[in-house]
Every structure is written in C-alpha cells, then in structure tokens.
Amino acid sequence: MPANIVIDARDVTLRFGSGSAAVEVLRGVSLAVGAGERLAILGPSGSGKSSLMAVLAGLEKASSGQVMVAGADFSALDEDGLARARRGRIGIVLQAFHLIPTMTAVENVAVPLELAGIAEPQAKAKAELEAVGLGHRLDHYPTQLSGGEQQRVGLARAIAARPALIFADEPTGNLDEATGEAVVALLFYRLRETGATLVLITHDAGLAAQCDRVIEMKDGHIISDRRHAELNAVAE
Ligand SMILES: Nc1ncnc2c1ncn2[C@@H]1O[C@H](COP(=O)(O)OP(=O)(O)OP(=O)(O)O)[C@@H](O)[C@H]1O
C-alpha cells in the first residue's frame with residue numbers, strides 16, 4: 001500500500017445472519033482514502049453507510065474482502081487485536097454516544113487517553129471539553145447531560161488523543177444549528193492542526209461540501225465518488 005493511502009478496502013462484503021435470513025449490507029465495496037483526506041459518505045437510510053464506517057473503523061469485521069487501515073490488516077485481526085489497533089490512532093463519534101454512564105464527562109474523555117498511554121489525561125480531557133463548550137459540565141454524568149451535550153462529549157473523547165483517523169457518524173445530528181456549526185468548526189480546526197484523515201457520514205450537504213471528496217452509497221454499493229474540484233464544477 002503506498003505510504004499516503006491510510007485506508008485501503010478491497011471488495012468488502014458484510015453479511016448479518018445466515019441462510020434465508022442472511023442480509024448482505026455491503027456488497028463488494030472498494031475504497032482507498034489518502035492521508036489527510038476528508039471524505040463524506042452520503043446515501044439513503046439503510047444503504048450501508050454506518051456498516052461501511054464500522055468495518056473501516058475496526059468495529060465490525062468484514063465477511064470477506066481486505067481492509068487495510070494505517071498499515072494494519074483489519075481483516076486478519078480478532079476483536080482484541082482490533083481494539084489495540086484502534087487505541088490512540090482512531091477516534092470514533094457514533095450516532096449513539098456510547099458514553100460510560102457511571103463516569104463523569106471528564107472521566108469519559110480521560111479514560112481512553114489513559115488507555116492510550118497519553119500523559120496528563122485529566123488535564124487534556126478538561127481542555128478538550130472546554131473547547132467543545134462544556135467547561136461547565138465536567139463533573140456531570142451522561143444522564144445529567146442533554147443529547148447535544150452528550151454528542152459533544154463524544155466528539156471531545158474522539159479527538160482528544162489527536163488520532164490519525166477520525167470516523168464520525170452524523171456528528172451534528174443532535175445539535176442545534178449554531179452548536180452544530182461550532183462543533184464542525186472545531187473538528188475541522190483539529191483536522192488542520194493534526195493532518196488527520198476524516199471519514200464522515202452526513203445528510204447535511206453543506207457539511208459534505210466542506211470535505212475534499214464525497215462518496216454516495218446505495219444498496220450496499222458505492223455508486224458515485226467525486227473529489228472537491230469535480231464537486232465545485234458541478235456547483236458552478
Ligand atoms: N446487526 C445487524 N443485523 C442485521 N441487519 C443489520 C444489522 N446492522 C445493520 N443492518 C442492516 O444493514 C442495512 C444497512 O444499515 P446501515 O446502518 O449501514 O445503513 P445506513 O446507510 O447507515 O442508514 P442510516 O442512514 O439510517 O443510519 C440496513 O438494512 C440495516 O437494517
């Protein structure tokens with residue numbers, strides 16, 4: 001894999017269930033993403049966007065095909081191996097925030113930093129929460145936070161370790177417009193700062209337009225793949 005390709009997925013399928021109940025949600029997807037690229041995934045509900053993200057982020061194992069991410073062969077790793085490969089390198093913001101209910105906001109952000117062996121996890125977690133506008137909610141538990149606040153804790157947790165790869169599934173879905181814009185601005189600021197690669201699922205055309213490349217999915221396939229220059233040409 002060339003040094004500048006960080007995600008190289010080849011002919012990936014993902015099936016759930018077996019026999020007559022089997023559902024094939026990814027049907028031979030191939031995708032190469034360059035380092036620092038900001039890729040948006042569009043497509044109707046059920047087209048396989050979250051499934052593709054789960055496979056590329058090492059949360060689901062492909063049923064067949066090859067998935068190379070940052071030099072690791074995700075198709076050959078077991079669950080523990082995938083968890084180790086993700087740690088500190090991959091930040092993930094999901095629709096369901098997956099915050100740990102028994103931990104405060106600052107602990108939710110600090111624990112993955114600690115696990116990744118990063119120095120001063122508490123101070124870094126606090127700074128990251130302040131950056132997403134939650135300096136006044138550090139010691140609150142997830143149930144004491146609104147959906148939008150939980151979303152921002154999720155974002156802070158995903159980017160605090162300055163991972164090389166960030167995956168975000170509808171990161172502004174639970175936020176009002178102003179907060180959504182602020183969170184996206186912070187995300188893109190961090191991307192510029194660290195050169196991280198972004199894979200983003202969104203229904204928001206404005207957000208997709210901020211990315212370098214937009215792919216569209218339908219029925220488990222990629223049906224279009226356009227880069228920024230082409231996107232601008234279409235808009236003009
Ligand atoms: N664990 C599972 N078992 C069975 N089917 C599943 C499972 N997870 C996802 N699916 C199915 O796979 C298909 C693709 O789902 P996926 O969540 O990837 O779509 P999506 O494009 O992200 O949709 P949305 O925009 O609604 O989030 C859907 O038909 C869904 O029902």
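Which residues surround the ligand? Keeping in mind that this is a predicted model, the ligand is surrounded by Phe-16, Val-23, Val-25, Gly-43, Ser-45, Gly-46, Ser-47, Gly-48, Lys-49, Ser-50 and Ser-51. Sorted by class, this shell holds 3 nonpolar residues, 7 polar ones and 1 that is charged.

If we ask where the shell comes from, β2, which covers 23-34, and α1, which covers 49-56, each supply at least two of its residues, and the largest share, 3 residues, is the contribution of α1.

Let me stay with that helix for a moment. α1 is mostly covered, since 7 of its 8 residues are buried, and those buried residues are Lys-49, Ser-51, Leu-52, Met-53, Ala-54, Val-55 and Leu-56. Just after α1 ends, Gly-58 takes a positive phi of about 80 degrees.

Turning now to the whole chain, the protein contains 8 helices and 10 strands. Its radius of gyration is 18 Å, close to the 18 Å that the globule rule gives for 236 residues, so the protein is as compact as a globular protein of that length.

Finally, buried residues make up 41% of the 236 residues, and among contacts between residues at least 6 apart in sequence, 67% join residues that are at least 24 apart.

Key: Residues are numbered from 1 along each chain as its sequence is written. This is a predicted model: local features need pLDDT of at least 70, side-chain atom pairs count only at pLDDT 80 or more; totals for chains, interfaces and linings use all residues. A residue is near a molecule or strand if its C-beta atom, placed from the backbone, lies within 6 Å of it. Helices (H or I, at least four residues) and strands (E, at least two) are DSSP runs, numbered from the N terminus. Ala, Val, Leu, Ile, Met, Phe, Trp, Tyr, Cys and Pro count as nonpolar, Asp, Glu, Lys and Arg as charged, and the others, Gly among them, as polar. The radius of gyration is taken over C-alpha atoms; the globule rule is 2.2 Å times the number of residues to the power 0.38. A residue is buried if 20 or more other C-beta atoms lie within 10 Å of its own, exposed if 12 or fewer, and partly exposed in between; C-beta atoms are placed from the backbone. Two residues are in contact if their C-beta atoms, placed from the backbone, lie within 7 Å.
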